[in-house]
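Biologist: I am new to this structure and would like to learn how to read a few of its features. Could we go through them one at a time?

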Amino acid sequence: MKLGPSSFYKKALSLALPVMAQMLIQNMVSLIDNFMVAGLGDIKMSGVNIAGQINFIFLVFINNAMCASGGIFMSQYNGARDKGGMQQVFRYKLLVCVFSGILYMVFCLINPGPVLALMVQGNSAHSLILEQAVRYERIIAWTWIPMTISTVIASSLRETGKVRIPLIISVIATLVNTAGNYILIYGNFGAPRLEVAGAALATILARFIEMLVFIFYINKVKPDFYSRLRDIFHVRLQLFRAILSKSGLILVSEMAWILSETVTTALYNSRGGAEIVSGMAAGFAIANLFFISFSGIFTATGVLMGGALGAGNLKEARTQKGWILSGTFIYGIFFAIAGCASVLLIPFVFANLSQASRSVAQGLVFTASAYMPLWCYINAQFAVSRTGGDAMMGALVDLITNAFIVVPGMFAMTYFTPLGPVALYAVIKLSDFVKLTIASLWLRKERWLKNLTAENAF
């Protein structure tokens with residue numbers, strides 16, 4: 001373990017903490033939604049949850065694939081002080097993400113039912129849960145375009161080291177969403193009681209306000225990546241192809257992961273009734289509060305190492321790699337302790353759920369907490385690899401483990417063992433030790449040690 005100087009970790013934390021705070025606030029929106037919808041009972045909470053599980057696939061596609069592939073270049077162009085390159089990357093992210101948001105919105109509006117039904121196959125409350133999920137999904141569809149625009153601007157700000165503004169804007173959106181939930185779900189202040197539909201409408205309002213504030217900010221400040229609307233289609237095809245080549249590999253990696261997570265979630269949901277779906281949803285709502293550490297790792301690594309690589313300081317980047325990996329393991333231990341402590345929130349936040357649901361949630365949070373040091377280290381490995389443009393490692397690691405271990409293993413345990421959902425989760429996550437081993441061997445090849453700005457100079 002090679003720990004770096006305290007000044008390095010202070011700089012890393014100065015980048016990571018605002019991002020984590022922003023993600024915490026965003027996850028608090030989800031927790032607040034779960035808390036308020038939980039008051040409607042297990043069935044309605046389960047409906048909102050399975051819609052969220054399908055929507056999460058799209059969010060991973062936008063954040064972890066499209067924006068992340070652009071972010072590799074944005075961080076390095078920022079390190080090289082190449083304003084033209086940064087503007088090209090921003091245009092790429094905006095065009096690809098908004099187009100994707102339009103397609104997903106159309107899917108949600110037309111007929112999301114068959115896909116949502118896959119999440120509750122074998123569940124004893126299948127039809128009741130599905131009815132609520134479809135209702136929620138058709139309303140929440142209107143958030144995808146403003147959400148993609150906000151995500152592109154926020155990620156670009158973070159990749160250039162401006163991490164506080166996204167945090168402030170997230171606070172504004174969270175306050176709007178919370179107030180909207182309080183008014184519309186239960187019909188307070190004379191508003192109609194809309195229940196699940198009210199939660200979706202509150203989110204729409206919050207997303208549109210968030211987008212408008214982001215647009216106002218970049219038009220006023222004009223950060224280096226800023227592009228006027230009439231210039232958005234002025235793109236350099238060579239760079240687009242370079243980013244898309246990275247996008248393809250990152251997409252393979254992220255989709256292999258998220259599809260396996262979706263399949264395994266559907267299998268967890270088959271182990272009982274609404275109490276299992278709502279219990280696992282409640283557990284993940286709490287666990288997401290400490291999963292924010294992963295976003296901090298990627299942002300700090302991208303800015304610090306991306307800056308070094310973009311400036312051509314390859315020796316410095318190699319040294320920083322060891323410091324980051326060592327620091328994140330210790331960082332993970334801290335979050336494991338915090339995760340265990342967060343179990344205390346469950347009886348208060350989810351008091352309206354059944355005791356069976358709360359027991360499932362507590363078991364899930366304890367299990368996820370135990371894995372945090374491992375997961376932080378693996379995320380640091382992926383962050384190092386992607387910062388240098390080596391997207392092949394993630395694709396290889398995720399494809400091998402998910403296609404050959406996770407999905408087959410989950411089906412085998414589901415159909416041939418009596419294990420409950422939490423036990424299934426605990427056992428299948430042992431596969432992450434395989435990820436750790438493959439990634440460690442791959443990083444030694446140093447395919448990530450590249451200055452991408454020299455290859456795509458303006």
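Modeller: Ile292, Ser293, Gly296, Ile297, Thr301, Leu304, Met305, Ala308 and Leu309 in helix 11 meet Leu314, Glu316, Ala317, Gln320, Lys321, Ile324, Thr328, Tyr331 and Phe335 in helix 12, where contact means heavy atoms within 4.5 Å. By class, this contact of helix 11 with helix 12 has 11 nonpolar, five polar and two charged residues. This is a predicted model, in which local features need pLDDT of at least 70 and side-chain atom pairs count only at pLDDT 80 or more, while totals for chains, interfaces and linings use all residues. Residues are numbered from 1 along each chain as its sequence is written, and side-chain values use heavy atoms, with hydrogens and water left out.

Biologist: At what angle do helix 11 and helix 12 pack?

Modeller: Two packed helices are described by the angle between their axes and the distance between the axes. Here helix 11 (residues 292–310) and helix 12 (residues 314–341) pack at about 165°, with their axes 10 Å apart. That makes helix 11 roughly antiparallel to helix 12, a label for angles over 145 degrees.

Biologist: How many disulfides does a search of the whole structure find?

Modeller: A disulfide is a covalent bond between the sulfur atoms of two cysteines. The search of the whole structure finds zero disulfides, the criterion being a pair of cysteine sulfur atoms within 2.5 Å. For Cys376, the closest cysteine sulfur is in Cys340, 13 Å away and too far for a bond.

Biologist: Is Cys376 buried or exposed?

Modeller: Cys376 is buried, with a relative accessible area of 0%, where buried means under 20%, exposed over 50% and partly exposed in between (1.4 Å probe, protein chains only).

Conventions
Axes are lines fitted to C-alpha atoms, for helices over the stretch in contact, and angles run from 0 to 180 degrees between N-to-C directions. Helices (H or I, at least four residues) and strands (E, at least two) are DSSP runs, numbered from the N terminus. Angles under 35 degrees count as roughly parallel, over 145 as roughly antiparallel, 65 to 115 as roughly perpendicular and the rest as oblique. Ala, Val, Leu, Ile, Met, Phe, Trp, Tyr, Cys and Pro count as nonpolar, Asp, Glu, Lys and Arg as charged, and the others, Gly among them, as polar.
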